[in-house]
Amino acid sequence: MARARLTRRRLLGLDRSGPPPPETLRKQPLHPWTIPNAIGFLRLALIPVFLVLGLNSGDGRRTLATVLFAVIAWSDYADGMAARITGQYSRLGALLDPLTDRLLVLSGAIVAWKYELLPRWALAVLAARELFMLVLTELALRRGIDLKVNMLGRWAVWPVMSAMALAFIVETWFTDVLLYIGLAMTLAATVMYVQDGLRQLRGQERGPSS
């Protein structure tokens, strides 16, 4: 299958038209040793370091912890660009990327909760949503269902992570606004994931069309 031409919009992740790369689909080999996956492994390894630094910061606003959080968040963009530039797509990358994002959001929520940097009720809803998505993804994989990351879900990550990163720096009402916007987008995306999963499940039960 010929790949779509790597335009500037596609490189930056703004154009995601067309089918997903075949290497990322279910039943494909994991292919762990790629440049994008190396970035993914590094992101995953840095999350517990951020968590330890953040929880032992005294007020949730330790510079090194904040820098780590920002690096882990923004490097999500880097591994996607690396995959598009090198063509090194993989099944493991497709699974690792959203998992790392969810763990980072949960870690940020834990630190923000401890020091009351953001409204705790919103953090609780956000954490519950991320845990729900982890369970939903696992159940879907067991049933042979791939929950494709929707664009609303992709965009929802940014106001959520921006709210946390800013809250780790300064106290301002704007962090609450960002979190509420991100939370609303995240919950709407969750509904879309559930609908997608149910649609695929019904398709499995009906079997292939004649």
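Which helix holds both Asp 196 and Arg 199, and how many residues apart are they? Both lie in helix 7, which covers residues 173-206, and they are three residues apart, about one turn of the helix. Welcome to this predicted model.

**Salt bridges in general**

- Side chains of opposite charge can pair when their charged atoms come close.
- Searching the whole structure turns up nine salt bridges.

**The pair in helix 7**

- Asp 196 and Arg 199 form a salt bridge, and their closest N and O atoms are 3.5 Å apart.
- Asp 196 has a relative accessible area of 15%, so this residue is buried.
- Arg 199 is partly exposed, because its relative accessible area is 48%.

**Salt bridges of Glu 130**

- Arg 102 pairs with Glu 130 in a salt bridge whose closest N and O atoms are 3.3 Å apart.
- Arg 102 belongs to helix 4 (residues 91-114) and Glu 130 to helix 5 (residues 120-142), so their pairing ties together parts that lie 28 residues apart in sequence.
- Glu 130 also forms a salt bridge with Arg 129, where the closest N and O atoms are 3.1 Å apart.
- Arg 102 and Glu 130 are both buried.
- Glu 130 counts as buried because its relative accessibility is 5%.
- Arg 129 has 8% relative accessibility and therefore counts as buried too.

**How helix 4 meets helix 5**

- The axes of helix 4 and helix 5 come within 9 Å of each other and cross at roughly 155 degrees.
- Angles over 145 degrees count as roughly antiparallel, and helix 4 and helix 5 are therefore roughly antiparallel to each other.
- The crossing in which helix 4 passes helix 5 is left-handed.
- On the helix 4 side, the contact includes Leu 95, Leu 99, Arg 102, Val 105 and Trp 113.
- On the helix 5 side, residues making the contact include Leu 123, Arg 129, Glu 130, Met 133 and Leu 141.
- Sorted by type, the residues of this contact between helix 4 and helix 5 are 15 nonpolar, no polar and six charged.
- Among the residues of the contact are Arg 102 of helix 4 and Glu 130 of helix 5, the two partners of the salt bridge described above.

Definitions and conventions: Residues are numbered from 1 along each chain as its sequence is written. This is a predicted model: local features need pLDDT of at least 70, side-chain atom pairs count only at pLDDT 80 or more; totals for chains, interfaces and linings use all residues. Side-chain values use heavy atoms; hydrogens and water are left out. A salt bridge is a side-chain nitrogen of Lys or Arg within 4 Å of a carboxyl oxygen of Asp or Glu. Helices (H or I, at least four residues) and strands (E, at least two) are DSSP runs, numbered from the N terminus. Buried means under 20% relative accessible area, exposed over 50%, partly exposed in between (1.4 Å probe, protein chains only). Axes are lines fitted to C-alpha atoms, for helices over the stretch in contact, and angles run from 0 to 180 degrees between N-to-C directions. Angles under 35 degrees count as roughly parallel, over 145 as roughly antiparallel, 65 to 115 as roughly perpendicular and the rest as oblique. A crossing is left-handed if the near helix is turned anticlockwise from the far one by less than a right angle, and right-handed if clockwise. Contact means heavy atoms within 4.5 Å. Ala, Val, Leu, Ile, Met, Phe, Trp, Tyr, Cys and Pro count as nonpolar, Asp, Glu, Lys and Arg as charged, and the others, Gly among them, as polar.
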